[in-house]
Every structure is written in structure tokens, then in C-alpha cells.
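Hello,

Here is the structure I promised to pass on to you. Have a look at it first, and then read my notes below.

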Amino acid sequence: MTSEPLPPSLARNRRLDRWVEIRTDGVVEVRTGKVEIGQGIVSALAQIAAEELDVDYTRIRMIPADTGRSPNEGVTAGSRSTMDGGGALRQACAEVRDAFLQAAARRLDAGIDELFVRDGTIHRKASNESATYWELSAEVDLARDADGRAAPKRADQLTLVGKPLPRLDLPDKVTGAGVYVHDLELPGMLHGRVVRPPSYGAVLKAFDGTRIETMPGVRAVVRDGRFLGVVAAREEQAVAAAAALARCAAWQEAADLPDVDALPTFLRSRPSQVKVLSEKGVPQDKGAHAVSASYSRPFLAHASIGPACAVARVQAGAIEVWCQSQSIHPTRLDIAKTLGVAPDTITVRHVQGAGCYGHNAADDAALDAVLLARAVQGHPVRLQWSHEDELAWSPFGPAMLVAMNGTVDDAGRIVNWRHELWSNPHIARPGLQESPSLLAAWHLGQPFAQPPGIDSLPGIQPTSERNAVPIYDFANQRVVLNALDRLPVRTGTLRAIGGFLNTFAIECFMDELAHAAGIEPVELRLKHLSDARAIAVIEAARERSGLASRSRHDGSGRDGSRGMGLGFARYSNEAAYAAVVAEVEAGETIRVVRVVAAVDCGRTINPNGVANQVEGGIVQTVSWVLKEQVRFDRTRITTRTWDDYPILRFSEAPPVEVSIIDRPDQPSLGVGEAVAGPVAAAIANAVFDAIGVRVRDLPLTRERLLAAIDDT
Amino acid sequence: MTQTIELNVNGARRAVTADPATPLIYVLRNDLKLKGTRFGCGAGVCGCCTVLLDGRGIQSCNTPLSAADGREVTTIEGLGGEGQSGERMGGKAAAHPLQQAFVDEQAGQCGYCLTGIVMGAAALLRRNPSPTEAEIRSELDIHLCRCGAYDRILRAIRRASETMGKRSG
């Protein structure tokens with residue numbers, strides 16, 4: 001037998017019993033380092049485990065991740081969980097299955113090829129002899145390392161993967177079971193609230209919290225530098241005490257934020273390091289049709305529907321944390337660093353929170369809870385952020401700018417392509433930098449510096465430049481990143497990270513070049529693509545949306561109100577392919593009336609799960625494109641309520657249609673972030689198709705639309 | 001100033017001692033341990049905390065405990081017990097047709113908004129058993145779903161409306 005190299009996540013967590021436990025009662029416990037953030041990953045991983053182990057899906061019990069026992073799989077992010085975590089679990093389960101087959105062969109005195117497995121029972125062909133996993137579990141030692149010798153199933157052997165099995169978590173979520181960290185109830189538990197400064201750099205000039213200590217139910221008032229908080233017996237008492245505490249603090253603030261209405265100018269004005277991402281050929285400027293245009297996005301909020309929450313207990317030097325972190329191991333490191341204790345004195349357990357689309361306040365809340373719990377030793381403290389702080393203090397997806405230049409020759413070839421990008425590093429997650437990346441750590445009396453952020457980590461693509469290098473075949477191109485330092489607004493990763501604006505810019509610009517040269521925009525794309533899977537999704541979206549049957553799609557066939565547009569990308573040029581057609585009604589405002597998407601994510605584990613992710617990605621992007629921008633004055637973030645930060649509602653949500661091109665013989669590719677860039681471009685292209693107006697700065701608000709109409 | 005207030009929650013009489021100004025959601029979640037009502041914004045504008053008060057949908061995060069004094073409160077935990085369905089879901093309480101429809105349509109991602117939306121939809125279907133899609137969208141417009149599962153949720157509510165129509169008809 002030859003052994004294949006192990007999937008990276010399994011190579012880092014080789015012990016099989018770290019992944020799978022076969023219980024004598026017929027339950028299969030599966031541990032994963034990946035966490036459920038609403039994307040359905042835990043169900044998809046259960047499906048993979050059931051497939052490779054040949055057991056019924058309902059036997060699988062997915063154990064929530066904790067730093068004590070679960071495999072350390074770093075961060076759940078970047079649409080990589082099915083690729084990485086799924087790949088590792090698949091191999092681990094194949095090896096476990098093989099170990100049980102070997103044991104059954106010994107017990108039944110049979111050859112391996114005489115045996116087959118059905119729902120955990122190993123049968124001997126042409127006989128009624130059998131043995132079950134549950135009987136054999138005592139004699140199969142999984143306390144050994146994966147060795148890569150057992151092969152997972154081939155595409156033609158799959159029976160569960162590819163089927164639309166129901167999510168494991170949904171019944172509890174619709175019946176109101178206590179599935180979220182918010183719902184934890186521990187003996188002696190108290191309630192905590194934190195009072196944040198009014199602005200990032202605010203200095204606490206005066207504070208007297210003595211009268212708070214005598215308020216009803218208050219058990220502790222915590223002040224450490226400019227970190228302020230309260231602990232009370234009842235939740236409403238903690239809320240009241242926090243409100244009173246806020247009135248006890250006098251702050252000195254500075255006007256150190258940029259002009260929110262001139263972000264492109266601000267980004268261009270920042271010092272930067274130039275990094276050439278791609279350079280080939282000699283860009284030709286003498287073609288017939290030259291176009292230049294700049295595209296930007298504002299700061300975007302995660303805007304989780306529920307505020308961040310965590311529970312912590314500090315007792316006799318041991319710290320326990322229950323939180324919604326996407327990165328329990330790295331978060332543990334930063335909590336340890338902040339407190340000056342050894343990481344192994346801390347246990348961090350994942351419990352679900354409200355939907356999460358990148359680096360939000362989940363990790364910050366974990367440290368907040370610990371800082372409050374230290375003041376009431378032995379009592380668990382349930383700490384919940386306010387909705388206002390959730391909007392204003394979570395890291396935002398950073399504002400970005402892209403300037404494009406291009407030329408099309410008379411033969412319809414793009415002979416010059418220049419893409420220049422301005423972005424700060426997107427990664428600010430915990431556990432990666434010298435200084436802790438947790439909000440409260442920067443506010444303590446002995447504060448840690450807010451770390452500068454990271455653009456690139458081993459094994460993953462740099463964040464700001466994702467999708468900047470085009471997938472199209474251009475003979476002459478130059479792609480440049482102006483890498484900015486950390487911005488004065490707190491930022492972190494947000495769904496599709498740099499890929500969102502880079503794809504928006506590229507896919508709008510393809511349409512702009514096509515219109516300048518009088519070429520049908522989809523044809524211009526196809527003319528510069530050689531990747532058959534890319535071509536297949538574009539053609540599928542064009543067919544299913546009805547775009548293909550329209551007589552014209554060059555802006556000249558517009559009827560003054562309704563339009564269609566297409567956007568395409570392969571997310572980060574290595575994950576899923578997605579082509580999207582949006583249909584809009586545009587006048588003084590824009591309404592997205594329908595979105596059609598075609599995706600190819602290789603082997604589809606669960607088509608319903610893929611469709612759900614793609615549909616959600618479409619709706620969230622429609623929201624970003626039409627409505628969302630974080631607002632601030634020169635001192636404070638002013639986005640604090642749903643009135644300040646409206647998101648798409650039921651009355652505005654378009655019908656969405658998703659088709660999946662399944663490729664069972666290809667590796668599974670991440671799909672969670674695949675449609676964001678294509679949807680944004682499809683909408684902007686559809687608006688141009690409808691009314692001949694191009695808006696290049698997001699969001700596409702009424703004001704921007706009217707200004708663009710005035711300019712034409 | 002705490003008082004003892006008597007509530008009728010999911011068909012049972014419950015006495016609660018708390019400040020009458022306490023938002024109802026904290027009493028439901030912390031005193032009565034009914035965790036299915038989710039806290040969202042605290043201002044009554046996102047719909048996460050929707051419960052029924054005498055059969056009408058209200059936001060429990062900005063409704064004081066005193067407003068529920070002597071009235072009938074239905075939370076997500078009590079919805080399935082209305083006798084409209086004997087089906088069980090996930091081995092747990094009997095499911096309301098709305099809850100079953102959400103599972104059938106796989107309508108949800110993180111799920112945090114779902115119990116509020118189910119309660120909002122239940123209030124609508126009590127008043128109007130066969131709402132049009134526009135009526136559903138309008139009634140549920142207060143409810144936010146950040147994961148963007150709106151399309152599936154609409155399908156689930158239409159499905160539940162049809163199921164319930166068939167049963168009563």
C-alpha cells in the first residue's frame with residue numbers, strides 16, 4: 001500500500017481519536033476544529049463523516065469545538081472549512097473505517113475484500129456473519145496517528161455526499177432550544193455589561209463609580225484604565241448599572257477620523273508601500289478604445305443580528321470561557337497574553353452565536369467576560385454587548401479603492417489592463433501578532449498597543465489583493481497594491497475580504513470596456529477566458545437568467561427602467577466559480593428584482609447547503625450594494641442603531657435562483673464568499689443597462705445615482 | 001422597586017418578582033428560563049424578540065413586564081403546544097406547522113432571527129390564514145435576517161399557511 005500525503009489539517013492533528021470516537025451505544029462522536037457560524041459547516045462535516053464511515057447520518061454527534069480536546073484547526077474562515085477541515089475529516093474517517101474493517105476481518109477470520117459496511121455493521125459477503133463498530137470499538141485502538149494508507153472513497157462510491165440532507169442544527173433553532181452562548185445558564189451565574197469609551201482614542205479624564213456599587217443587585221464595578229464594566233445579579237440590573245456608569249465617566253476626545261464622505265481621497269493620501277502583484281507584456285496605450293475608472297467601497301459592518309456574548313468563570317487560577325469565537329485556540333493565546341498567564345490555564349469552548357461573516361466582536365467579548373469574572377471569583381459571568389457597541393465597536397470591513405485603466409483594440413482584444421489597489425491589511429484576528437488583538441487589551445491601565453494588522457499568512461492568499469490579478473487572459477497587464485498601514489478606523493476581515501471590491505472593479509470595468517468598444521459584455525469576457533469551468537458558469541447564468549435571449553445588452557437597448565447585468569469571478573482565483581445575473585428596476589432609486597447565479601464548487605457535499613450559502617451571499621451583497629456604509633464624524637463612529645445602518649428587509653429582498661454545476665470528481669471548493677463580488681458588479685452593470693448611468697462608489701445610493709444622472 | 005406579578009405564559013400561571021419596568025424578555029429568558037426568545041437590538045426594531053401578547057405579536061425587549069400583567073404570553077416554546085400538530089421534531093416538543101415548514105424548506109442559517117420570525121408569522125396567520133406574498137413581506141418587514149435567508153423563509157411561511165389551510169378545511 002502506498003500512503004498519500006495527509007491533508008494539512010490532519011497532518012497537524014494526527015491522532016485519530018482526536019477526530020472520531022465510536023461509542024458502544026451506536027453513537028459516533030465527531031470532533032472538528034471548525035465551528036458553526038450559521039454556514040452549515042457542522043452538518044456538512046457530519047455528512048462527510050457518515051459517508052466515509054458508512055454509518056447513518058443520524059448516528060453522527062458533532063461535538064462543539066473546545067481547546068481541550070478538539071483538533072486545533074486555527075480559524076474557521078475564508079471559505080476553507082470544507083476544503084481543509086472536510087478534507088482532513090474525510091481522511092481520518094477513512095482510516096477509522098479501515099481500522100474497524102481490519103478488526104472485523106480478524107474476528108470473522110475473513111479477508112478485507114470479503115467485507116462490506118452498512119450503517120456501522122460489517123457484513124461478510126455470502127454469509128450471515130457480521131460484526132458492528134459498536135461491538136468492536138473496545139478492541140480498535142484509535143489512539144494512533146493517521147498514516148495516509150487508507151484511501152477515502154472515489155466519486156463513484158459516494159452514497160451520501162451530494163445529497164441534500166437536512167441541517168442538524170435547524171430543528172433546535174426553530175423550536176427555540178438554548179443553542180446560543182447567550183442561552184447558557186450556569187450555577188451562580190451573574191450578568192455583566194461593559195461601558196466603552198465614546199470614541200477609539202478617548203481618554204478617561206475623571207471617573208467615580210462609588211454610587212454604582214450601591215445600585216440594586218450590583219456585585220462589582222470594574223475599572224482598569226479605560227476598561228469599565230459592571231457585574232450584577234440580574235440582567236436588567238447590569239443594564240441599568242452600565243447606563244449609570246456611563247454617566248460617571250468624563251472623557252477627552254480627539255477629532256482624528258477621516259472625512260467619511262471623501263474616503264477615496266483619504267486612502268490615496270495615506271503613506272503606502274507599492275507591491276507589484278502581476279506584470280506581464282507591455283501594456284499598449286494606443287488601442288482604439290481607452291477607458292479609465294475608479295471604484296470604491298466604504299467601511300462595512302458585520303451587523304450581526306444578535307450582540308456578541310460570552311460567559312467566563314475564574315476560579316483558583318483556572319479560567320473557563322464559553323464564546324462564539326471562530327478561532328478558539330488563537331483567542332486563548334491572546335487572552336493569556338493579556339492576563340500574563342499560561343495558555344493552558346485557560347479552556348475556551350465554542351458555543352454558537354448570531355451569524356458571523358468574518359472577524360466580529362466574538363473574541364473581544366471573550367476577554368471582556370474574563371475581565372469581569374475576575375472581579376467575582378467563582379461566579380460565572382455572562383457578558384453581553386449592547387447592540388450599539390456591536391455596530392460601532394466591532395471591526396469593520398475596510399474601505400478600499402481600485403483605479404482601473406484599460407484599452408481594447410479594434411479586434412476586440414484587451415491590449416492594456418492596469419489595476420491599482422489601495423487597501424490596509426484585513427487580518428486583525430487574535431493570536432497572530434505580538435500584541436493581543438482584543439479590544440479590551442488596548443484599554444487596560446497597562447494597555448497593549450493595537451497591532452498593525454496582517455495582510456498575509458502562510459497557507460492562505462493575501463487578503464487585500466484577493467482577485468486583484470484577473471482570471472482573464474490578458475497579454476499585457478500590471479496589477480499593483482498600494483499597501484496602507486492600519487487605518488484610524490478599526491478593521492478586520494469581512495466576507496470575501498479584498499475579493500469583493502477587486503471583483504466589483506474588474507467586472508464593472510469589463511462592461512465599461514465592452515461598451516466603449518461596442519462589444520457585448522459577456523462576449524468580451526468569453527473572448528478572454530480559457531478556463532472551461534469559468535466559461536461554463538457564465539454560460540449557465542446567461543442562459544438561465546434570460547440574458548442570452550435578449551437582443552441587445554450594450555446599454556443602447558435600455559427601456560429607461562429595467563436592466564440586466566452579469567458579474568463573474570472565481571473567488572480568490574482558487575475557490576468556487578460563480579457567475580451572477582442581476583435584474584434591476586432603476587429610476588431615482590434602485591430595486592433589485594431578481595438574481596440568478598450559477599456556481600461550480602467542485603464536489604458538492606450538500607446541494608441544499610451550497611444553495612443556502614449562495615442565496616445568503618447574494619442577499620447580503622444586495623444589502624451592501626444598495627444600502628450599507630458605516631458613518632462617522634471626525635471624532636466618533638455614529639453608526640449605532642439599525643436606523644443608522646439599515647440592511648435589506650423582507651420587502652426589498654429579491655427572489656434568488658441558484659444552479660449548481662456539480663463536479664463529483666473534483667475537490668470541493670469553498671462557496672461562502674464566492675458570489676459577493678459578482679453580485680455587486682452584476683447590479684451596477686444592470687443599472688447601467690437600465691438607465692445608462694455608471695455609479696462606481698458603493699453603496700449605490702439615491703444621492704449617488706442622481707449625481708451620476710446629472711453628470712451624463 | 002420589585003413587585004410580584006402574575007403572568008400567564010404558554011398556558012401556565014407564573015409569578016415573577018421583579019421591577020415592573022423590567023423588559024419582558026429578561027423575565028422570560030432569565031426567570032422563566034424560556035431561552036428561545038432572542039435578544040437583538042433592545043429597541044424593538046429587529047424582531048428577534050417577538051412573542052405573542054394575547055395573540056398579537058409584540059417585541060419583548062421594549063415591552064415592560066407590567067404590560068403583561070394578567071395577560072396571556074405565548075413564546076416559541078409554547079407555540080407547538082397549540083394542538084395544531086402532533087408531529088415531533090428532533091425528538092423535542094410538538095412542532096407547530098410553521099416550525100415544521102421552516103425545517104422542510106431548510107429556511108435558516110445562523111438561526112438567531114428564526115424564533116422571532118416564526119412568532120411574527122404565527123401572529124399573521126392567526127389574523128389572516130392565507131396571506132399573499134406581499135402581505136407576508138409587509139407583516140414581516142420589521143424582522144431582519146442578516147444571513148439573507150428571506151427567500152426560503154417566505155417559502156416556509158407560504159407552505160405553513162397551505163398546510164394549516166388544508167387541516168382546518
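Let me start with Glu523(A), which counts as partly exposed, with a relative accessibility of 38%. Please keep in mind that this is a predicted model. Arg542(A) counts as buried, because its relative accessibility is 15% and the cut-off for buried is under 20%. Glu523(A) sits in helix H13 (residues 521–527) of chain A and Arg542(A) in helix H14 (residues 532–545) of chain A, so this pair ties together parts that are 19 residues apart in sequence.

Some salt bridges also share partners: Arg562(A), Glu583(A), Glu585(A), Arg594(A) and Glu657(A) are joined in this way into one network. Over all chains, the structure holds 59 salt bridges.

Two further pairs in chain A may interest you. In one of them, Lys275(A) meets Glu465(A), and their closest N and O atoms are 3.0 Å apart. Lys275(A) is partly exposed, at 36% relative accessible area, whereas Glu465(A) is buried, at 15%.

The other pair is Arg640(A) with Asp389(A), a salt bridge of 3.6 Å from N to O. Here Arg640(A) comes from the loop between helix H15 (607–627) and strand E24 (656–660) of chain A, and Asp389(A) from helix H11 (residues 387–393) of chain A, so parts that are 251 residues apart in sequence are tied together. Asp389(A) is buried, with 8% relative accessibility, and Arg640(A) is partly exposed, with 32%.

Now to chain B. Its five strands in the order E2-E1-E5-E3-E4 make an open sheet with mixed pairing. Strand E2 (12–18) and strand E4 (56–59) of chain B are the edge strands, each pairing on one side only. On average, neighbouring strands of this sheet are turned by 40 degrees against each other, direction ignored. As a reminder, strands of a sheet pair through backbone hydrogen bonds, either parallel or antiparallel. Strand E3 (residues 50–53) of chain B pairs with E4(B) in the antiparallel sense, over four bridges. Within this pairing, Val51(B) has Ile58(B) as its bridge partner in E4(B). Helix H4 (residues 114–127) of chain B packs on the sheet, where it touches E3, E4 and strand E5 (72–74) of chain B. The direction of H4 makes about 35 degrees with that of E3(B).

Finally, how do the two chains meet, and what lies between them? In all, 52 residues of chain B are in contact with 64 residues of chain A. About 4,700 Å² is buried between the chains, and carbon and sulfur atoms give 53% of this area. The interface holds seven salt bridges, including the one between Glu185(A) and Lys35(B), with closest N and O atoms 2.4 Å apart. There are also 35 residue pairs in polar contact across the interface. On the chain B side, E2, helix H1 (24–31), helix H2 (76–79), helix H3 (97–104), H4 and helix H6 (150–168) each supply at least two of the residues that touch chain A.

Best wishes

Note on methods. Residues are numbered from 1 along each chain as its sequence is written. Chains are lettered from A and ligands numbered from 1 in the order in which they are written. This is a predicted model: local features need pLDDT of at least 70, side-chain atom pairs count only at pLDDT 80 or more; totals for chains, interfaces and linings use all residues. Side-chain values use heavy atoms; hydrogens and water are left out. A salt bridge is a side-chain nitrogen of Lys or Arg within 4 Å of a carboxyl oxygen of Asp or Glu. Buried means under 20% relative accessible area, exposed over 50%, partly exposed in between (1.4 Å probe, protein chains only). Two strands pair if DSSP finds at least two bridges between them. Axes are lines fitted to C-alpha atoms, for helices over the stretch in contact, and angles run from 0 to 180 degrees between N-to-C directions. Contact means heavy atoms within 4.5 Å. Buried area is the accessible area (1.4 Å probe) that two parts lose on being put together, summed over both. A polar contact is a pair of N or O atoms within 3.5 Å; within protein, one must be able to donate a hydrogen and the other to accept it, and residues adjacent in sequence count only if both atoms are side-chain atoms.
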